[in-house]
Amino acid sequence: MVMAKIIEVIGDQGHRSVRKVRCRVIEGNEEGKILVRNVRGPIREDDVVHIKETEMEG
């Protein structure tokens with residue numbers, strides 16, 4: 001797991017308080033990489049979250 005800082009809350013996904021957020025990885029090999037992920041629960045800009053995977057789906 002790596003830590004990432006929320007830089008933007010894009011919007012709600014519609015159910016169970018899931019939100020789409022843009023975050024910047026702040027540690028590890030992928031430091032500085034910007035990702036878009038779904039986050040569940042209360043969240044706002046400048047919060048720090050743990051991301052399980054930093055790989056892009058494809």
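Begin at the largest pocket, which holds about 160 Å³ of space. The model on the screen is a predicted one.

**First stop: the pocket lining**

Select Met1, Arg37, Asn38, Val39, Arg40, Val49, His50, Ile51, Lys52 and Glu53, the residues that line the largest pocket. Two elements, strand S3 (34-40) and S4, each give two or more residues to this lining. Colour S3 next, for the largest share of the lining, four residues, comes from this strand. What kinds of residue make up the lining of the largest pocket? The lining divides into four nonpolar, two polar and four charged residues.

**Second stop: Thr54**

Is Thr54 buried or exposed? Thr54 has a relative accessible area of 12%, and because buried means under 20%, Thr54 is counted as buried. To see its surroundings, select Val2, Val25, Glu30, Lys33, Leu35 and Arg37; Thr54 touches each of these, residues up to four places away in sequence being left out. One of these contacts, Arg37, also lines the largest pocket.

Continue to Ile43, which is found in the loop between S3 and S4. Ile43 is buried, because its relative accessibility is 12%. Which residues does Ile43 touch, not counting those up to four places away in sequence? They are Ile6, Arg19, Val21 and Val49; Val49 is also among the residues that line the largest pocket.

Finally, select Val18 together with Ile43. The two are 25 residues apart in sequence, and their C-alpha atoms are 9.6 Å apart in space.

Technical notes. Residues are numbered from 1 along each chain as its sequence is written. This is a predicted model: local features need pLDDT of at least 70, side-chain atom pairs count only at pLDDT 80 or more; totals for chains, interfaces and linings use all residues. Side-chain values use heavy atoms; hydrogens and water are left out. Buried means under 20% relative accessible area, exposed over 50%, partly exposed in between (1.4 Å probe, protein chains only). Contact means heavy atoms within 4.5 Å. On a 1 Å grid over the protein atoms alone, a cavity is a set of points where a 1.4 Å probe fits but cannot get out, and a pocket is an open set with protein on both sides within 12 Å along at least five of seven lines; lining residues have an atom within 4 Å of a point. Grid points are joined across faces, edges and corners, and a volume is the space filled by probe spheres set on the points. Ala, Val, Leu, Ile, Met, Phe, Trp, Tyr, Cys and Pro count as nonpolar, Asp, Glu, Lys and Arg as charged, and the others, Gly among them, as polar.
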